[in-house]
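Take a look at the model below. We will walk through a few places in it, one after another.

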Amino acid sequence: MYKIVRKKEIGNKIHNLEIYAPEIAKNAKAGQFVIFRIDEKGERVPLTVAGTNPKEGLVRVIFQEAGKSTTQLASLCEGDFIRDFVGPLGHPTVIKHYGTVVAVAGGVGAAELLPLIKELKKAGNKVITIVGARCKDLFILEDELKQESDALFFATNDGTCGIKGFATDVLKEVMDKEEVNIVYAIGPVPMMKAVSELTKEKHLETMVSLNPIMLDGTGMCGACRVTVDGKTKFACVDGPEFDAHSVHWDELASRLNSFKDLEKISFDNFTVGRECECRKK
Amino acid sequence: MPQKVNMPERDPQIRRRDFEQVNAGYSKEEMLAEAKRCLQCKNPMCAKGCPVEINIPGFIKHLVKDNPSEAIKVLKQKTNLPAVCGRVCPQENQCEKSCILSKKDEAVSIGNLERYAADATVNIEDNISIKKNGVKVAVVGSGPAGLTCGGDLLKLGYNVTVYESLHDTGGVLRYGIPEFRLPKKVLNVEIEKLKKLGMKIVLNILIGRTKNIKDLFDEGFKAIFVAVGSGLPIFPRIPGENLNHIYCSNEFLARVNLMRAFDFPNYDTPVRSGKNIVVVGGGNTAMDSARTAVRLGANRVKLVYRRSEAEMPARLEERRHAKEEGVEFITLTKLVRFIGDDNKAVKAVECVKMQLGEPDESGRSSPREIAGSKYMIDADMVVLALGVRPNPILPSLTKGLNINSHGHIVIDENHMTSIPGIFAGGDIVGGDTVISAMGMGKKAAKAIDNYLKK
């Protein structure tokens, strides 16, 4: 059992958890993920590690309520336990001195970006961070991102924060003004795809962290397979980071929808007639 | 010679609608009748055919006297998982093949008798006195190889900790083999008995990532047995293989067996229940997949295999059960590509007919395409059971651990790897069945004991 030591809602339905798992806290590196399972009947859900506190043995994860499991996880309180928590999984990000790095996040992807830019900055890179979200309420971690970035830009679809438009609009401007050496993009598939298309034109190296459906996360099930450079790869053991320009984006998008109908049944089944347990207490 | 007593089986029309066990197990009378067929050979050939060298006439002798609690003691001298072995071992190729009766008549049903002895003693504790030596040994992977090696080391007095990356024990016994062949209740009992003997099992630890081999030595483990299995599925590398609703058997079976998706949405993990399913492959995993698909409510399940049925690696019993449950066998047929619909979901597979040619290196005839014989089979879901490769995580993250060109860990005749103190066995070194993994686990336990006594 793994204890939720701290919990905080840091955006609209976006939660920050710190979970006691000392071995993972000691060994997790930027770019890696964990898999959680809440209880006996739970499914295995991957989440990228948003940070660690090895001293206290804590692993930080940030997630947005989307389906059954994330909604259920959000309903747990400080002091509650989850049944399973395994990691760190996947290859860590290769950290080195590139020069100027542009890190682009979409929505809750900012959480995954944070440990990455921290390490990139430590390695002596100039880090320009761009965060895009639908609206102001979905921005998270502003202070921390600012601290780890040489420059931080925002874009919202409705213009409630930063420029009105997409993260790619900001990226375009940055690329015009700066000599960029590498781009990292983490977020929803349409956003990563848009970044990839933009940088491909300029032959600018771009890495993305992929989030396909996973079951075991250790190479056993093949659910997370993605086509990269025409070859089938497993995101869990070959990734989760890949060269953006080689990823078959449309296939990834459709595979993510593979269980949509059943996921809805599970979610409806869970939420009907249920009130938040945290608020009841 | 009295006739062999067949294993009672549930009616195919009923069993194809549920996940309950297909083989019902012998009654006492049936067990006695079958046990009496054993000739109690002085020089038993059957035991030589057993990878873990069970004293077969020895345990059957006790069954003849209707004494399963003595029979299980004989079994447990050699196997830690008799209820599992009795159900899933390919006895027809091992002990029963060597049974002297099989020369003229039908062999003694050794597997069915082993299962009876284990099932009849399910509530009896193993009364084994162990003299602890306090030496710590780590086992990586709680599948058949790991549990066997760990169990034997335990009985030799070692302090055994088994690390498992999944959230539950058993490896392929849990995620791969369906409930209707090996009920999880049965598996749990055997594992609980090992825990009662002192086996410590730690879940959710992926050795290589959560901690590594060096950490284990630092924690005071004197030897490590690596049995991480071959969890890396093979895909056919043909067009369309990543369309939606194409699964490998590992994913399909793990959803149903490990995550209990047959009880969705009571359990959270979903599984698709297609109506028109194509399963590809000819091994036991293919049969398990096809029969699971039948139980999830498919209208038609077609099993496509590129050789003829005679070349199928699946056990005869599994093939018969599959057919009885309505699985259609389409042999001498190879997949060419998958066809998708507008939503990128599979809607058909294109196949080509094959003919058998000269035997290849495996001794089986190598199939050749028949020109101009391509045709389509409609399918709204496909399960690929084309085999697995060794899991690369631990080998790739352990410096100095040598692997061969197939990705298997290289071991010497004592199961020791290129790193002193690290041993390996099971599928990760090239094993391919539960019992071969158990045989290796056994041999490795002896070798580890010798190594640590030096």
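Predicted model: local features only at pLDDT ≥ 70, side-chain atom pairs only at ≥ 80, totals over all residues.

Residues are numbered from 1 along each chain as its sequence is written, chains are lettered from A and ligands numbered from 1 in the order written, and side-chain values use heavy atoms, with hydrogens and water left out.

Start with helix packing. Two packed helices are described by the angle between their axes and the distance between the axes. In chain B, helix 4 (residues 56-64) and helix 8 (residues 110-120) have axes that come within 11 Å and cross at roughly 60 degrees. That makes helix 4 of chain B oblique to helix 8 of chain B. (Angles under 35 degrees count as roughly parallel, over 145 as roughly antiparallel, 65 to 115 as roughly perpendicular, and the rest as oblique.) I56(B), F59(B), I60(B) and L63(B) of helix 4 meet I110(B), L113(B), E114(B), Y116(B) and A117(B) of helix 8. By class, this contact has eight nonpolar, no polar and one charged residues.

Now the second pair. Helix 13 (residues 249-257) and helix 14 (residues 284-295) of chain B have axes that come within 10 Å and cross at roughly 50 degrees. These two helices of chain B are therefore oblique to each other. S249(B), F252(B), L253(B) and V256(B) of helix 13 contact T285(B), D288(B), S289(B), T292(B) and A293(B) of helix 14; contact means heavy atoms within 4.5 Å. Here the residues divide into four nonpolar, four polar and one charged.

Stay in chain B for a loop residue. A314(B) sits between strand 8 (300-304) and helix 15 (316-324). At 4% relative accessibility, A314(B) counts as buried (under 20% relative accessible area; exposed is over 50%, partly exposed in between, with a 1.4 Å probe and protein chains only). Beyond neighbours within four places in sequence, A314(B) touches G282(B), G283(B), N284(B), M287(B) and R319(B).

Finally, move to chain A. T206(A) lies in strand 13 (residues 206-209). Is T206(A) buried or exposed? At 0% relative accessibility, T206(A) counts as buried. Its side chain makes a polar contact with the side chain of T199(A) at 2.8 Å (a pair of N or O atoms within 3.5 Å; within protein, one must be able to donate a hydrogen and the other to accept it, and residues adjacent in sequence count only if both atoms are side-chain atoms). Leaving aside neighbours within four places in sequence, the contacts of T206(A) include V183(A), V195(A) and F242(A).

Methods:
Axes fitted to C-alpha atoms, helices over the stretch in contact; angles between N-to-C directions. Helix = DSSP H or I, 4+ residues; strand = E, 2+ residues; numbered from the N terminus. Nonpolar A, V, L, I, M, F, W, Y, C, P; charged D, E, K, R; others polar.
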